[in-house]
Amino acid sequence: MEIIAIILLILLVGSMLTFLIDSFSSKLTGITAFLFSLAASVVFFTQIPSGYQFKFQLAGLDLQWGLTDYSYYFAYIIFGMSVLALLYSIKYMEGKGRLGYFYGSFLLTILGMFGVVISQDFVSLFIFWEIMTWASFLLVIYNAYYKVKTKGVKYMIFSAIGAYAMLTAIVFIRVHYDTLLISEAIAKGAFNFEQYIYIPIFLLLGFSIKAAVMPFHVWAPSAYSKSPMSFTTIFSGAMSKMGVFGIGLVFTSIYLGTNPENFYWVRTILGWLGGITAVMGTIYALIQTDAKKLLAYSSVAQLGYIVVGLSTGTKLGIMAALYLTVIHAVFKGALFMVAGAVEKQAGTTDMTKISGLIRRMPWTFLVALVSIIALAGMPPVGGFVGKWLLYEALITESNNYILVVVVFFSSTAAFLYSYRFLYGLFLGQEEKDTKDVKEAPITMLIPMLILMIIAIVSGAVPGLIFEPAAKAMEAIGFQDVTWQMSSLTNLWGDTTNLGLISMLIGAVFVIVFVFITLKGYKNTKDVGTKDISTSGEIPKEWENLSFQQDFFQPFQRAAAPLYSMNMNKIWKNLGENLEAFFGFFRKLYTGNGQTYALYVVIFLVVLLLFKDVIFS
Amino acid sequence: MMEFQALFEQYRDLITIAVYGTAIALIVIGLYAVLMKKHLVKIVIGLSIMDAGIHLLFVAIGYISGGTAPIFSPGNENAGARMVDPVPQALVLTAIVIGFAVTALALSLVIRLYKHHHTANIDQLNSLKW
Amino acid sequence: MVITPVHYIVAPLIAAFAIPLLIKIHKDAARIVPGIVLFYNVIVSLFLMNHIAEHGMISETLAGWQAPWGINLVVTPFTGFLATMVSILGFIIWLYGYRFKRTLKGGEVKYYEILQMMMIAGSIGIIITGDIFNMFVFIEIVGISAFSLTAFYRSRDGAEAGFKYLLIGGFASAFLLLGILIIYTQTGTLNMAQIAERMPDVPQQMKIVALIFFLVALGIEAEMFPLNGWAPDAYSQAPSPTSATFAAVVSVAGVYALIRVVFTMFDVEGVNNYLMVMGFVTMLIAEIAAISQKDLKRMLAYSSVGQVGLVLIAFGIGSNLAVFGALFLMLNHGVIKSLLFMAGSYFIYNTDDKKIKSLNGIYKKLPIVSFFFALGALAIIGFPPFSGFWSKFYILISAADEKYVFLIIGILLVTIIELTYYLRVVGRIYFAKQEGEPASHKPSINALVAMSSLALFIIVIGVYPDLIMPHIQSAADALLDKSNYIQQILSIKN
C-alpha cells in the first residue's frame, strides 16, 4: 500500500476511532486524537520525501497525489499546527460535551487539508477541499447553539460558493485543456488570463473565499470566534492558508507567463482587495470588546497582507507572503491558544470584564506578549521580517505606493488593537472575580510556548523559514531565489541582513523598555479598574466605567464612515431579499388542485401553440 | 342490413363528423367541468366525460366503414381485408376498466373529503400549499 | 432460461390475490408475502442482469404473439439496470416498513402492503415493457396504488393530497391515451421499437403534436414543473415508506417513461433543449420552494422534485457522458432520498407535528437516525466523498463538454440553495437546544438494517465509484443505441 494512502488512512481511522471511543471514555478521546495526528505527521516527515508521486485511477479519471516543495511547505504548517492544537485541546476541551464528535471532525479536517496539498490533480483537490470544508463546518457549529441558522450556515454558504466556483473552473479546464493534472494544466496555460479568462478568475474566487479576502470575508470573524479556540488555531492558522496555497498556484502563470505585464490588472485588483481586507479587518478589530472576535478580525487583516504579498508577483513579494503565512500561523495560533486559555481559566474573553491576569497567568502572558509583538510586526520577533519583506517588495519592486500607504496604515492601526488585547486581558488592575484564576495547565502551555519559541527564533534566524520557502518558490517556477540564513537578496542584488536589523532594533527596544520601566516604576499606584477620573462629570449609574469600554472612541469617531460601510449588512440584506423573492415563486403552488390542473392544460396549450418554435 | 349500408354511405361524411365532433365535444365538456366547476363530484364527472370522449375517439379511429367484426371464423378466412381494426377496441376496453377504477377511487376520496371538511368545494381544500 | 422477465409481473399479481387468502392462515402473511415477492424480484433482476451480460438483451413475448404484434418485455442493460435498482430499493423499503404501523389493524396493513407491492411491481413493469399501451396500463397501476397510498392515513390532509394527485393523474392518463392514439393512427403499431422504426415516415406536425401529449402526460409522472403541483402534497402526506418509494421507485419509472418515449420513439429536434430548460426550471422552482418549507417531508419532497429536474437536465444534454451522469444521479437520488425519508420519518414519529422546528436537538433522542440523516443531507448536496458527488460531477463535466457555462453556474447556484436548507435542518438536529421529553420511539432493528445498507452504499460508492460505474455505463450505451434496440427487438423470435 502506498505510504501516502497510509497517512490518510491513519487520519481516517483516527477520526472514526475517536468518535467511537467517546462512548466509552471521553477522557481518552483527546489523547487518541493527538496520538493519531502525531503518528500521521511522524510517518509523513520520515517516510515521504519531496518529489514523491503516486498515480492511480478512480472513476475513470487519472488521479495523482504527490508532494512538491511548495506543498511540503504547507504540509509543515498543517501538521505542525495540528499536532500542537490537538495537544492543546486535550485540556482545553476537557469537560465539554460531544468530544468524539469534536475530535473526529478535527482529524477529518486535518485529512482534508493534507489532501488538498498533496493533490496533484483537480478532482482530488476538489474532493479534499470539500471534505475539509464540511468537516470544519461541523466544528464551526459545535458551539453555535441557537445560531446555526446564521453563523454556521453562513460559513458553509460562502465556502460552497467558493468551492463551486472552483468546480466550474475545473470542469472547464478539463474541456479546454483535456487534462485534470494541475501541473499539466499549468504547462498548457490553463491559468493564463489571456485564453479562457473565467478559469483563473473562478479559481481565484474559490481560493480567495477560503482566505477570507474582501468582500467575501464576512463568514470569517464569526466562524473563527465561535469555533472552539483549539480548532480556531488551525482554522485561522492552517486552513485559511489553503486559500493562500491555491492563489499561489494560480499565480504561477503570472510569474511564468511570457509577458507578465499583461496581467498587471489582475495583480492590481487582487493587491487592492488584499489591502482593503487588511484595513477593514484592522479597523473592525479595533472596536471589538471580545478578545476572540478581535483576534478573528485580526486574522482577516493578516490574510490581507499575505494576499498583498502574493499579488506583487515578484520574488520578494512571494517570499514575504510565504514567510507571513508561516509566521501568521505561528503567532495567531499562539494568540488563539492564549484566548482559549483565558476563556478556559477565567470563563470569558470579554475584555470589559477581566483584566490584570498577568499575576495569575504569567506564562500565558509571556506567550501573548511575544505573539502580539510578532503580530504588530515589531522586532526582534518573526513578524517583523515578514513585514519588512512586504514593504520592501511593495516599495522597490511593484511601485504601488498608494498600496504601501494602505498597508502601512493598517499595520500601524494594528498596534492599537494589539495593545488593547494585551492590556485588556493581562495588564491593569485585577478584578475581584478573577482573583482565584489559575495558570493554564501544562499541556496547554507547552504548545503555546513552542509556538512562541518558533516566533522568536524565526525573527533571529529568518533563514530557517527562508530555506523551505525558497524551495517552495522554486517548485512553482521561480529561479535563483537567493537567501542566506539571515538575509535575502532582492532583485537588484542588494542584500538585507534581516536578522541583524531585527536584533539591533530589538536591542534598542529592550533598552528603552527597561529605561521606561525603571523610570516609571516609582510613580505607580494601585487603583481599581473602575476608578477613573471623569473630568468633573458625574457618571451615571448605568455607565460602565471599565477602561475597555469605548477604548478607542476617538478613533472610532474618526473612522465612523468606514464602520457604517458594513459588508455583513450588505450580504444579509441580499440574503433576506433573495428569500423574499423565492417566497414569491413558492406561491405558485397554491394548494388548489384545480389550479394545478389548469397549469397542466395551460402548459399543454402553450406547447401546442409554440410547437414550431420549440421543436423543429 | 343493406338499407342501412346505403343510408350510411349517403351520410358518411356527416356521420364521421358527428362521431369525431361528439368525441371532441365530450373532451372539451369534460375539461370545462374539471377546470371550472367547483364541486368535487362535478370534477370527477368531468374526468369521466373526458375519458369517455377519448375512448370514443379511439373507437372511431379504428372503424372502417362497412367493416365487419374482427373475428376470423370458418368460411370467413379473408375477413382481415374488411374488418374493423381490433386493437383500438381492445385498448378502449382496458382504458374503460382503468377509468372505472380511477372514478371509483376518486368518489371514495370525495366522500372522505366531505367527511373531513363538510364541504365539496375544491377552493376550500387547500390546507396543503406553498 | 429458468427465470424470465414476466416473473417480475406475475409474482406480485399472484401474491396480491393470494394475500387475502393467506392472511386467514397466518396473520402476518400480509407483511411477509410482499417481502418474499420483492426479494424474488431482486433475484430475478440479478439473474437477468447476469444473463444479458452473457447473452445480450432479452425480449420476451407474451401469450405466443411475436414482437410487433404481441406485448413484449425487454431487458436491455438500460432497463435491466433500472429494474434492478428499483427492485432492490423496493425490497429495502419493504424491509424498512416491515413493522410499519403495527398498531393498525391487520386489514389496514394488508391494504398497505398490497398497494405498496403493486406500486413497485408496476414501476418495474413500466421499465421493462416494450409496448406503449402496456406502459400506459402499468402507469395506471402505479397511479391507482399511489393515489390510494397517498390517502392511506384516513386524515383530512391525506385525502386532499390523494385527490389532487388523482386529478392531475387523471389528466396524465387522458393525455397519454391521446398521444398513444395519434401514434397508433400514424404508425399502426404499439410496439415501441416498431414505432421508432416507422417514425421517420410520420408527418412532422403529427409527430410533434403526439410528442407534446406524451411530454405533458409523462411530465406529470416525472414531476416536471409546472405539472408537479401534486408532488409535494403526495410526498408529504403519504406514509413515510411510501414517500421513499415515490422518490426512489415511482419517479424513476416516470423519468424512464419520459426518456424512453423521447429518446427511442421520437426523433424530434429541440426536445433536448426542451428537457434541459424545463429541467432547470423544475429544479430552480423546487429548490426555491423548498428553502422556506416548515414541514420536513414537504421540504424533502421539493428536494426530490429538484433532483428529478437535474436528472432531466442531464438527459437533455444528451451526450453519452450526460446520460451516464443522469442514470448515476437517478440511482443516487433513489438511495439517498430513501434514506432521508426513512430517517425523517423517525424524526416525525418522535415529534408531535411534522415541523422542522420541532427537530431541535433531536440528535440526543435518536443518535443513529440523526447520523443517517446528516449523511444523506451531505450526500444529496453532493459533497465528496459521498456518492452524490460523482453523479453531479459527471453531469457538470458533460455540460462543460457542450460548453453550457450558464447551465453549470445555474446548477451550482441552485445547489447552494439546496445546501442552505439541508444544513439548516442538520444544524437544528445537532445543535439547537432541545426541548421536550425523551425518546419514545426508537428505530426498530429492521429499519436500522435498511438504513445502514443505504448508508453503506452511499459511502462505498462515494469512495470507490468504480464498483457501479461499468453497469451504468453499459446502461447509458444501451439507451443511446437506438438502432440496435429496434433491430434486436424486431428480429428476436422468442
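## Exercises on a predicted three-chain model

With 23 C-beta neighbours inside 10 Å, C:Leu178 counts as buried.

**Exercise 1.** Describe chain C as a whole, and decide whether its radius of gyration agrees or disagrees with that of a compact globule.

*Solution.* The secondary structure of chain C comes to 19 helices and two strands, and the chain averages a pLDDT of 84, with 95% of the residues scoring at least 70. For 494 residues, a compact globule would have a radius of gyration near 23 Å, and the 21 Å of chain C agrees with this. Along the principal axes, the C-alpha atoms of chain C fill a box of roughly 70 × 60 × 40 Å. Buried residues make up 68% of the chain, and of the contacts between residues at least 6 apart in sequence, 80% join residues at least 24 apart.

**Exercise 2.** Work out which parts of chain A supply the side that touches chain C, and what kinds of residue are found there.

*Solution.* First take the extent of the interface, in which 46 residues of chain A are in contact with 54 residues of chain C. Then assign the chain A side to its helices: α5 (122-140), α6 (151-177), α22 (567-586), α23 (593-609) and α24 (611-614) each supply at least two residues, and α6(A) gives the most, with 13 residues. Sorting the residues of this side by type gives 34 nonpolar, six polar and six charged. Chain A also meets chain B, where ten residues of chain B are in contact with eleven residues of chain A, and the chain B side of that contact divides into seven nonpolar, one polar and two charged residues.

**Exercise 3.** Explain why helix α9 of chain A is described as largely enclosed by the rest of the structure.

*Solution.* Helix α9 of chain A covers residues 219-226, and eight of its eight residues are buried, so the helix is largely enclosed by the rest of the structure. Among these buried residues are A:Trp219, A:Pro221, A:Tyr224 and A:Lys226. In chain A as a whole, buried residues make up 55% of the 616 residues.

**Exercise 4.** Identify the residues with the most contacts inside the largest nonpolar core, and explain why this core lies between two domains of chain A.

*Solution.* The core has 462 residues, and those with the most contacts inside it are A:Ile78, A:Tyr323, C:Val86, C:Val216 and C:Leu327. Its largest share, 22 residues, comes from helix α13 of chain A, residues 315-346. Domain 1 (259-478) and domain 2 (587-616) of chain A both give residues to this core, so the core lies between them. The centres of these two domains, taken over C-alpha atoms, are separated by 60 Å.

Definitions and conventions:
Residues numbered from 1 in each chain as written. Chains lettered and ligands numbered in written order. Predicted model: local features only at pLDDT ≥ 70, side-chain atom pairs only at ≥ 80, totals over all residues. Contact = placed C-beta atoms within 7 Å. Nonpolar A, V, L, I, M, F, W, Y, C, P; charged D, E, K, R; others polar. Buried ≥ 20, exposed ≤ 12 C-beta atoms within 10 Å, placed from the backbone. Helix = DSSP H or I, 4+ residues; strand = E, 2+ residues; numbered from the N terminus. pLDDT = per-residue confidence, 0-100. Core = buried A, V, L, I, M, F, W, Y, C linked by C-beta atoms within 7 Å. Domains from an automatic or database assignment. Rg over C-alpha atoms; globule rule 2.2 N^0.38 Å.
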